[in-house]
Number of protein chains: 2
Amino acid sequence: MKEYCVLTIYPSGKKIIVRKGTDILSGLIKGNIFISSSCGGKGICGRCKVKILKGEFYSEPTGKITNEEKEKNIYLACRTSVLGNLEIEILPETIIPQKVEEKVFEKGEEFERERYNIKEFFNFSPIVKKIFLRLPKPDFNDTLSDYERLIRSLRKIDNKKNFTIDLHNLRKLPNILRNSFWEITVSYVDKKEINEIINIEPGDTSKKNYGIAVDVGTTTISASLVDLNKGEILKTEITFNRQASFGDDIISRIVFAEKKDGLEKLHHVVTETINELILNLCESCDISINDITSVIISGNMTMVHLLLKINPSFLRKEPYIPSANIFPVFKSADVGIRINPNGILGIVPGGYPYVGGDITSGIIVSNIYKEENLTLFVDIGTNGEIVVGNKDFLVCCSASAGPCFEGSGVKNGVRAVKGAIQKVKIENGNVYFETIGNVEPIGICGSGYIELLSELCKNGIIDRSGIFIGENERIIEDEGMKEFVVAVKNNGEKIVITQADIDNLIRAKGAIYSAMSTILKTLEMKFEDIKKFYIAGGFGSHINIEKAIEIGLLPDLPVERFKFLGNTSLLGAEGYLLSDEFRNLSEEIIKKLTYIDLSRSPIYMEEYLKALFIPHTDFLKKE
Amino acid sequence: MKEYCVLTIYPSGKKIIVRKGTDILSGLIKGNIFISSSCGGKGICGRCKVKILKGEFYSEPTGKITNEEKEKNIYLACRTSVLGNLEIEILPETIIPQKVEEKVFEKGEEFERERYNIKEFFNFSPIVKKIFLRLPKPDFNDTLSDYERLIRSLRKIDNKKNFTIDLHNLRKLPNILRNSFWEITVSYVDKKEINEIINIEPGDTSKKNYGIAVDVGTTTISASLVDLNKGEILKTEITFNRQASFGDDIISRIVFAEKKDGLEKLHHVVTETINELILNLCESCDISINDITSVIISGNMTMVHLLLKINPSFLRKEPYIPSANIFPVFKSADVGIRINPNGILGIVPGGYPYVGGDITSGIIVSNIYKEENLTLFVDIGTNGEIVVGNKDFLVCCSASAGPCFEGSGVKNGVRAVKGAIQKVKIENGNVYFETIGNVEPIGICGSGYIELLSELCKNGIIDRSGIFIGENERIIEDEGMKEFVVAVKNNGEKIVITQADIDNLIRAKGAIYSAMSTILKTLEMKFEDIKKFYIAGGFGSHINIEKAIEIGLLPDLPVERFKFLGNTSLLGAEGYLLSDEFRNLSEEIIKKLTYIDLSRSPIYMEEYLKALFIPHTDFLKKE
């Protein structure tokens, strides 16, 4: 007989029924509570700490818990089994935020929103159109059937393709037509070969036609609410991808998906995250979820597979094969995304297992495919994807950077939100910093880490391999790990960068730099040949180019060659929503794109080792 | 509070729980027991007789029950309310047979099966194809995605159209491919603009690809099991349409569909009838229902609407508008037809509200659209549809004949089954007859009625308007109605033709003849101009042309101009299953076809009245 226990979670007091012997992390996930767990529950990362208040449990011995923590009854959730009714407390630092209070892309505030207007580059033809029709009433001289009558009027407006309809809508048609006195609104989706009617409503509802563009990143998910009639972006929101509870990077997510019910769980949390974003966007813009007719997803292949609940296993097994590159248009309800019940879900096509639709988006939005001169495009996220090329060719590769530039996987990392330390200067042992919004610091964001790393090195606090050297009163030790105090909050809590953080950051910047140098060496080209250097990614628009060059994240090129593009994946999803030229181009782009597999490149490992210095050994040679 | 009663039905002993006050007919339908009710429960036709054995009830007074019947406790089910637990007995003659033991279309047995071979006239390209593929296993030199890999191989075999896939099948793809060592069988449906993959199975199942062609008639339903790889018809079965419990003709069915839950009920019984036919066909040919990938429906517009559960109401209201003429391909499961869960259901397109896909089928199968000379095509069923034309034009009309030629709605009517009286001769007061199979007579079929009517008239037993005249020992009276004894069974039961039967038959033949004469007069043509005269319909192949001319069902033309085509609606459904040329042609035909609405024709009523004689008044004038 199976025994069950009650797991009570404080501070909320929420109770979860779990089977006896379940580990606490699994119990929390079952209860829809998501805490950090970079390794996905393998006991390696040591992030899923919880405080046990009362009850029976067994916890495996682990080196990840300090004696101090043990005294406070802190244990790793993934290594602790529930043996009886148990009460635990969630530690605030482990909670994956449900919403990032970041204001990006609000009209006029951001560079890329100002710059990139899809309608400047492409025709306007949204993926779902909503058309108000006044059909001529049938009489003995005009006895066309209801459906053919509807099509006759529709084709007067849109004559490019044939139309089709499903049984559900055909069943509704005769009554709706007559009850609405032959005035109806038809929604139809552009499915390449054919237009499919997805909804018929009485009267004129054509003014309310909205879409959602989503960038599904490994660490963060961004979504825009788009007016499909006007082609305008109404609002964008960002949140963390709650899949982080199942591992920080793509590979650990795939490994988790291979476990029993793993794919189902990953699918569930990502769809629920997107559903909440959609709900928030609708509420804040006072738009009914029923008027959302379409959702477009741009993301890496793994994220797309998990969202669609397609086995991603073969993406990590040689020879790395995705289920599809170009996906058909699905019903959003079949994917588990809640918009209008007849709404659709489309996917920006992706070229390769590790260069997905997010990069197809980036290639189009950056215009690299039209450039005369050699151009480099890099999207810095949890993965760093690089495209080198111009109007004649496009070569790409992908490197795993980890989520530290997105404020994850580093001790006091935060996204570029209010209170994030974004600028740092160290002089005479004093640390000067600036936070976003000039408020009390809450943590360090990606751009802050870059400046910090540069300053630590310049001031001789760390050496070129990133190791703390010399004496400094700001270097303290916590649980046997050296860390540098950057700031102290009003409540006395310290904001630090640890030795592990530094190693993490160096590996991340090294992975991206060496990927860029490998692709260029393979093409027998040099960084100097690059005339334009585009940086995409959530954190991109905040960084200081010079500092990024100093730490060796970016190559040493004249500053004016660099350009920040912001979240081009999201911009691409918006473009895919709004233009059929964009949609057709996205399929052409992936046919044009060639791929270099770094893991099989003879050059890459050498380049990577050279890049594990500040800035890198090439630079040292130059000096 | 609602009270419920138990209605017990003998001879089966089945018990049905009904609400107190329910009429017995509704109770029987609720319990899936279908008895004749031509008028659909309005108390008009007097056919739904049941015997009450025991219990509380209230029965409205009706002239439809004789005193003899009253003594036997026989009542009309539709006029009798259940007031307490009630036991009743079903009378054998009211039961709608579940299966017609008629052998038609078995290989070589029937004229039309011999004659019409779809592959002679059209290319062979079944609506669902099942292809075995050995995909090249991916390696680092061939890293195409699973889906694009599949399409690449498919397009080597079928390069006419693009392909698409649904989420369900895409989700299955990665595992099936690898578990089956890259050997799979793909089923896809030809959807005009695109081929849609509907199923993926491991290994080679391509040999098992079957379809079902269905002719859904108002009175009978026929279905063929078709081997889609070979284009061969394996078996055909016929059954009565159980919708007869809700009314004999199209209009009473539509009226019933307008009642609460009426459409749902009509939809349910017709889908269940088809499901049983499919099951029987599969069982008798030892084929798994899972290997049935497609179903094609050919039928009149009302039958198609009821099958699809689309409101048919506007088919009977001016200006008579169907929901659609050309239907998209549906999922069979959405319609409620049980074949392979991924199977499809297609509909032969229909030109007009009363000239549906059954007639489109007939036009193609008869080749009238290719004829040089003027040709007339008539499909004699519950409705009689007529097409006049040749390669240059096609004009059609429809007349309501009633089901008497199909052996329904006449006292001792049966279909053309073993034991049916099909030939009759009256000489010197003696009746000589021949039954199908030369066995004991069980009733009279359509062709038998035609000969009988002719003989009764020739022998002066009825006059030219069909009234019994003179003295004859075979004319007896039952419940105040005169009837003529045709035969006596071994058990002493009489097989008769009643005055009401004769009136019915004259109205039926008159409706068809006058429809033909009206269409010709409208075109300013004469019967003599018709060089070929095609007769379609279940009963068509058994009738004696000369006798049919004698009673005025057919015009007085040389016998060699007439040709029987059998059930062209079913043959059309088979053609639609097997050939894309056929499918494309069917859409062209309905665009070419023009319609004469008899109810609005100034000529028709006059022609009809003239045709209510034997043979008709035109003929009398000629004499």
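Helix H15 of chain A, spanning residues 568–578, is mostly covered, with eleven of its eleven residues buried. In this predicted model, the buried positions of H15(A) include Thr568(A), Ser569(A), Glu574(A) and Tyr576(A), together with Leu570(A), Leu571(A), Leu577(A) and Leu578(A). Gly572(A), which has its place in helix H15 of chain A, is buried because 29 other C-beta atoms lie within 10 Å, the cut-off for a buried residue being 20 or more. When neighbours within four places in sequence are left aside, Gly572(A) is in contact with Ser298(A), Val348(A), Thr360(A), Ser361(A), Gly362(A), Ile364(A) and Val365(A). The C-alpha atom of Gly572(A) is separated by 22 Å from that of Gly336(A), the two residues being 236 residues apart along the chain.

The domain assignment of chain A gives domain 1 (4–94), domain 2 (128–202), domain 3 (213–347), domain 4 (357–403 + 505–622) and domain 5 (413–496). Between the centres of domain 1 and domain 5 of chain A, taken over C-alpha atoms, there is a separation of 30 Å.

For the pairing with S4(B), Lys51(B) has Ile74(B) as its bridge partner, whereas for the pairing with S5(B) the bridge partner of Lys54(B) is Glu87(B).

Chain A is superposed on chain B by a rotation of 180 degrees with 0.1 Å of shift along its axis, at an RMSD of 0.1 Å. The two copies are therefore related as by a two-fold rotation axis. In chain A, the C-alpha nearest this axis belongs to Glu193(A), at 3.1 Å from it. The same surface serves both copies, in that 100% of the contact residues of chain A recur in chain B.

The contact between the chains takes 35 residues from chain A and 35 residues from chain B. On the side of chain A that touches chain B, the elements giving two or more residues are helix H5 (146–157), strand S7 (163–165), helix H6 (167–179) and helix H10 (332–335) of chain A. Of the elements on this side, H6(A) gives the most, with six residues. By class, the side of chain A that touches chain B has 20 nonpolar, eight polar and seven charged residues.

A residue with contacts in both chains is Pro138(B), which, apart from neighbours within four places in sequence, is in contact with Pro319(A), Ile321(A), Thr143(B), Leu144(B) and Arg149(B). Pro138(B) is found in the loop between strand S6 (128–134) and helix H5 (146–157) of chain B, and counts as partly exposed because it has 19 C-beta neighbours inside 10 Å. The C-alpha atoms of Pro138(B) and Ile251(B), which are 113 residues apart along the chain, are separated by 60 Å.

Several backbone features occur in loops. In chain B, the peptide bond from Glu318(B) to Pro319(B) is cis, with omega near -5 degrees, and Pro319(B) has its place in the loop between helix H9 (301–308) and strand S14 (330–331) of chain B. A cis peptide bond also joins Ile614(B) and Pro615(B), with omega about -5 degrees, and Pro615(B) is found in the loop between helix H17 (604–610) and helix H18 (617–622) of chain B. In chain A, Asp261(A) has a positive phi of about 65 degrees although it is not a glycine; Asp261(A) lies in the loop between helix H7 (250–257) and helix H8 (262–285) and, with 10 C-beta neighbours inside 10 Å, counts as exposed. Lys309(A), also a residue other than glycine, has a positive phi near 60 degrees, but counts as buried, with 20 C-beta neighbours inside 10 Å.

Note on methods
Residues are numbered from 1 along each chain as its sequence is written. Chains are lettered from A and ligands numbered from 1 in the order in which they are written. This is a predicted model: local features need pLDDT of at least 70, side-chain atom pairs count only at pLDDT 80 or more; totals for chains, interfaces and linings use all residues. A residue is buried if 20 or more other C-beta atoms lie within 10 Å of its own, exposed if 12 or fewer, and partly exposed in between; C-beta atoms are placed from the backbone. Helices (H or I, at least four residues) and strands (E, at least two) are DSSP runs, numbered from the N terminus. Copies are superposed by least squares on the C-alpha atoms of residues with pLDDT of at least 70 in both. Two residues are in contact if their C-beta atoms, placed from the backbone, lie within 7 Å. Domain bounds come from an automatic or database domain assignment. Ala, Val, Leu, Ile, Met, Phe, Trp, Tyr, Cys and Pro count as nonpolar, Asp, Glu, Lys and Arg as charged, and the others, Gly among them, as polar. Two strands pair if DSSP finds at least two bridges between them.
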